[in-house]
Structures are given as C-alpha cells and as structure tokens.
Amino acid sequence: MNWSRQGEAKVSLFASGSEVQIAVAAQKQLAERGISARVVSVPSLELLLAQPEAQRQAIIGNAPVKVAIEAAVRFGWDAVIGQDGAFIGMHGYGASAPAKDLFPHFGITAEAAVAAAQKQLG
C-alpha cells in the first residue's frame with residue numbers, strides 16, 4: 001500500500017474495531033478546523049507491532065501528533081503513539097455496557113480526540 005498520500009497529516013488517529021468510527025468523526029472535525037489528520041485502522045495491535053520496522057513506521061507515519069482511541073486501557077499503545085502521545089480510552093478495567101453508553105461515560109468520543117490533538121498541537 002502507498003501510505004505516503006496522507007504523509008502531510010498533522011495528526012494521526014489510531015483506532016481498532018468500533019473505535020474507528022470515532023476516529024473518522026474526529027478527522028472530520030479536525031478538518032473543519034483546518035487541521036489535516038489521517039485515520040489508521042489497527043485491527044490488531046500485536047500484528048502491527050510484529051511488522052518489520054520500516055513497514056510499521058510507514059503505517060504509523062510522521063505526524064507530530066498521535067492519538068490512540070481504544071475502549072480499553074493504554075497498555076501497548078505507547079509503542080505506536082509514544083509516551084507523549086494522547087490516549088482516549090479507559091484507565092481501568094471492569095466496566096461492561098453497550099458502547100453507546102460506555103463511550104460517552106469514559107470520554108471515548110470524537111470531541112475528546114479533537115481536544116487532545118489540539119492540545120498537543122498547541
């Protein structure tokens with residue numbers, strides 16, 4: 001795949017599963033603010049991290065701001081977003097409910113991703 005088409009993005013939004021729709025909504029909101037962003041669907045963090053370094057870096061990209069969106073804890077995401085990257089997700093285990101209820105409760109929203117990206121952009 002040619003990942004360079006979106007290489008000029010200021011923000012990379014990483015998500016897996018149902019969180020991808022949140023990342024796409026955040027991308028749209030950022031675009032409305034004049035901030036270029038790309039969405040990277042990560043169906044398997046483990047498979048991404050198992051890729052050769054050059055391919056993994058091509059997927060992750062060079063955007064100065066990286067935001068992971070996950071309806072779980074941050075564990076593992078630092079390998080993609082770095083320790084300074086933003087994480088939109090849970091900070092503990094044990095909650096169970098439909099996503100439409102859990103996501104807003106834990107702040108797993110496009111608005112939270114946009115706010116985190118804007119904060120890191122300065």
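Visitor: Which strands does helix α6 (residues 110-121) lie across?

Guide: Helix α6 lies across β1, β3 and β4, and runs at about 160° to β3. Please keep in mind that this is a predicted model, in which local features need pLDDT of at least 70 and side-chain atom pairs pLDDT 80 or more, while totals for chains, interfaces and linings use all residues. Residues are numbered from 1 along each chain as its sequence is written, and side-chain values use heavy atoms, without hydrogens or water.

Helices (DSSP H or I, at least four residues) and strands (E, at least two) are numbered from the N terminus. Angles, from 0 to 180 degrees, compare N-to-C directions of axes fitted to C-alpha atoms, for helices over the stretch in contact, and contact means heavy atoms within 4.5 Å.

Now the sheet itself: it is open, with four parallel strands in the order β2-β1-β3-β4. From one strand to the next, the twist averages 20°.

Further in, five bridges join β1 to β3 (residues 65-70) in the parallel sense, with L13 opposite V67 in β3. Another helix, α3, lies across β1, β2 and β3, at about 130° to β2.

Finally, follow the chain into the loop between β1 (11-15) and α1 (20-32), where you will find S16. Leaving aside residues up to four places away in sequence, S16 touches V42, P43, I69 and E70.

Note on methods:
Two strands pair if DSSP finds at least two bridges between them.
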